[in-house]
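Hi,

Here is the structure I promised to pass on. Have a look at it first, and then read my notes below.

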Amino acid sequence: SLTELYVYDGAVEVGGPSWAPDYGKPRKWSAPKQVEGPKEVDVEEWTEIVRAQQRLVIGPEGVISKEEFDMEQDRTEDWVAFNLERDSILTESELKE
């Protein structure tokens, strides 16, 4: 399955072990075997940083694509418009407190 992440404001860090897409889920263990030793990895390999107005698509094997999207066009989608309206109501009520 794919996960799509749209960032409207700020930045999001997405990271984790790319070698283990089912990280944290129960699994059968095999017999012990020799593994590659630790190695240094660069920041790009470890973490993807998504900035405002970017769409990130994540699949079972990790990040598939990162691209910009048109925020104004996206706001015309019913689900997005509903969530933006809810966000503004919540923000207004928090400011009153």
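How many of the 97 residues of the protein chain count as buried, as a percentage? The figure is 14%. Keep in mind that this is a predicted model.

On confidence, the protein chain has a mean pLDDT of 78, with 78% of its residues at 70 or more. Confidence is lowest in helix α1 (residues 43–46), where the mean is 70, and highest in helix α2 (residues 71–74), which comes in at 88.

As for the fold, the protein chain has three helices and five strands, and along the sequence they run β-β-α-β-β-β-α-α. If you take the contacts between residues at least 6 apart in sequence, 64% of them join residues at least 24 apart. The chain exposes about 8700 Å², and carbon and sulfur atoms supply 52% of that area.

Searching the whole structure turns up three salt bridges.

Start with Arg55, whose side chain meets that of Glu4 in a salt bridge at 3.2 Å, N to O. Arg55 sits in strand β4 (residues 54–59) and Glu4 in strand β1 (residues 3–7), so this pair ties together parts of the chain that are 51 residues apart in sequence. Arg55 counts as buried because its relative accessibility is 17%, under the 20% cut-off. Glu4, at 45%, counts as partly exposed.

Arg55 also has a salt bridge with Glu67, at 2.6 Å from N to O. Glu67 belongs to strand β5 (residues 62–68) and Arg55 to strand β4, so here the parts tied together are twelve residues apart in sequence. With 36% relative accessibility, Glu67 is partly exposed.

That leaves Glu72 and Arg75, whose side chains form a salt bridge at 3.5 Å, N to O. Glu72 counts as exposed, with a relative accessibility of 55%, while Arg75 is partly exposed at 32%.

Cheers

Notes:
Residues are numbered from 1 along each chain as its sequence is written. This is a predicted model: local features need pLDDT of at least 70, side-chain atom pairs count only at pLDDT 80 or more; totals for chains, interfaces and linings use all residues. Side-chain values use heavy atoms; hydrogens and water are left out. A salt bridge is a side-chain nitrogen of Lys or Arg within 4 Å of a carboxyl oxygen of Asp or Glu. Helices (H or I, at least four residues) and strands (E, at least two) are DSSP runs, numbered from the N terminus. Buried means under 20% relative accessible area, exposed over 50%, partly exposed in between (1.4 Å probe, protein chains only). pLDDT is the predictor's confidence in each residue, from 0 to 100. Contact means heavy atoms within 4.5 Å. Accessible areas come from the Shrake-Rupley method with a 1.4 Å probe; for residues, only the protein chains shown count as cover.
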